[in-house]
Amino acid sequence: MAHGPDLSLSIARLTFGGTVLYKDFHLTIAGGEVVALIGPSGVGKTTLLRILAGVETGFDGQALVDGRPAPLAPVPGLVFQDARLLPWLTCADNLRAVRPDVSDAVVAQALAATGLVDVQDKWPRQLSGGMQRRLGLARALLVNPRLMLLDEPFVSLDRVVVRELQALVTDLIVQSGATAVLVSHDPQDAACLAHRVVIIAGRPVQIAADLALDALPAQRSRTQIIAYEDRIETAMVESAL
Amino acid sequence: MTPALDPRPAALRPKGEAWLGWASFLLMIGLWGGAALAVNSRFLPAPWAVIAHIGWLTNEAHLLPDFAVTLGRAALGFVIAMVLGTLIGIALGRSRWVDRLFLNWVVVGMNLPAIVIAILCFIWLGLNDKALILAVVLNKTPLVITNIRQGVLSFDPAFDEFARAYRLSRGQTFRLIHAPQLVPYLLTAARTGLSLVWKIVLVFEVLGSDSGVGFRVSLFFQFFDLKGILAYTLVFVAIVMLLEHLAIGPLERRLLKWRTDQT
């Protein structure tokens, strides 16, 4: 299976509202690696994701995806915190918004892969919160992304739905071989999904800890996940001191 | 409340209450009939007399050609004003520079008395259809601009970010992201615009035209023909209601189906 792209992010300086958010920040991610960016709310995690998606360009420095500037790199599969579905389009048309050329069968297949059945003609508001996130995930997968960017994809969902979605996302990333960056403030998300956890903190933002999680995400037991979660939490507490 | 006067979009009104709109209309006719019986019919002809008069005006006089002329003028003025107003409104909403430069013009346009614009157009271009339609367009366009500008300023930036992240083309972004967000504002501009255009066209026809509903009503006025005035008014109301129920309402329900559809 082909791996996703290598990522290299260098931010010489990024200011926001007069505050220096990032200064001399460097992060590299190997192809096929799943990296969780963890940090407190408001630290600037989503900003990093927006830079990698090619949406945020107002900074000194460069974001390279396989050596190419982020805005010119192939379309990433971006999963937004709020699902960001287009409410005026049916579920099927929400998928076609990013790939107008796909057949009905491919749309049905993408929906089925995320556990959605018989929703093609429904409107997004008719879906539950968990189903909306699944639809956002199906949309991201439809572009056959080599790079998956997930911005707090499980926030505001109940625990059962979060568990289901964490397992689904893990499977889908493993199947696709994509490089993935997950942004979250919850250590449990990282403990479930990531090969590596990067904890960021401070102003300007710095990498406070960089942890490798040995076991492959798809093969982790509950005990291992809980142990990883503890390890990440401890690192987070120490980075805040 | 008649459906046309209900402030909620047609798609959001409860379906079971539709009969109330018609009951309201019948109540209005009933009140009119009662009042007509109570006063001198020369000052207030009864609705049945006016309806019979509509038949006579249609067969023996100029009702149909008059309405054809007025509707043609209103439709032309409406379409030009909607297209121009939409394009200018988008430009103002999208560019701060254009907005700063031209917003005052829109404010002036909104507040210039319609009659002044009409008189100036008639003086500059003569008493003809071109002047009349230009006057309608100049009156109506600022209202459309204001609505559309507001719509553009209300665009949700989160959807623009989605479009950029998924590298949607400009055409796709307009079709999938911007146009749907503009629809409610376009519908409001169309609905308020239609009611304004009717009134303006009629006033301008009274002022400087030798054809159309306004011209005919001014003739009825000179002969104190109240039955004629009310007959033309009733036909006018019927056309407005038909437009609401056969065109704008269904269009609104279709375009805003995503807000209410339960299937």
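A salt bridge is a side-chain nitrogen of Lys or Arg within 4 Å of a carboxyl oxygen of Asp or Glu. The side chains of B:E161 and A:R50 meet in one, with N to O at 2.7 Å. This is a predicted model, in which local features need pLDDT of at least 70, side-chain atom pairs count only at pLDDT 80 or more, and totals for chains, interfaces and linings use all residues. Residues are numbered from 1 along each chain as its sequence is written, chains are lettered from A and ligands numbered from 1 in the order in which they are written, and side-chain values use heavy atoms, with hydrogens and water left out.

**Chain B on its own**

- Chain B has 11 helices and 0 strands. Helices (H or I, at least four residues) and strands (E, at least two) are DSSP runs, numbered from the N terminus.
- From the N terminus on, the elements of chain B run α-α-α-α-α-α-α-α-α-α-α.
- The C-alpha trace of chain B spans about 70 × 55 × 30 Å along its principal axes.

**Where chain B meets chain A**

- In contact (heavy atoms within 4.5 Å) are 21 residues of chain B and 28 residues of chain A.
- About 2200 Å² is buried between the two chains, and carbon and sulfur atoms give 60% of that area. Buried area is the accessible area (1.4 Å probe) that two parts lose on being put together, summed over both.
- B:Y166, B:R167 and B:W258 supply 36% of the area that chain B buries against chain A, more than any other three residues.
- The rule finds 2 salt bridges across the interface of chain B and chain A.
- There are also 8 residue pairs in polar contact between these chains, both residues at pLDDT 80 or more. A polar contact is a pair of N or O atoms within 3.5 Å; within protein, one must be able to donate a hydrogen and the other to accept it, and residues adjacent in sequence count only if both atoms are side-chain atoms.
- On the side of chain B that touches chain A, the elements giving two or more residues are α7 (157-165), α8 (170-208) and α11 (257-260).
- The largest share of that side, 6 residues, comes from α7(B).
- Its residues divide into 10 nonpolar, 5 polar and 6 charged. Ala, Val, Leu, Ile, Met, Phe, Trp, Tyr, Cys and Pro count as nonpolar, Asp, Glu, Lys and Arg as charged, and the others, Gly among them, as polar.

**Two domains in chain A**

- Chain A is assigned domain 1 (7-76 + 146-240) and domain 2 (82-144). The bounds come from an automatic or database domain assignment.
- The C-alpha centres of these domains of chain A lie 24 Å apart.
- Between them, the two domains of chain A bury about 1000 Å², with 70% of it on carbon and sulfur atoms.
- A:M148, A:L168 and A:L172 supply 40% of the area that domain 1 of chain A buries against domain 2, more than any other three residues.
- The rule finds 1 salt bridge across this domain interface.
- A:R134 forms a salt bridge with A:E164, and the closest N and O atoms are 3.0 Å apart.

**A hairpin in chain A**

- Strands β1 (residues 7-16) and β2 (residues 19-29) of chain A run antiparallel, joined by 9 bridges. Two strands pair if DSSP finds at least two bridges between them.
- A:S8 stands opposite A:T28 in β2(A).
- The hairpin has 2 residues between its strands, and A:G17 takes a positive phi near 55°.
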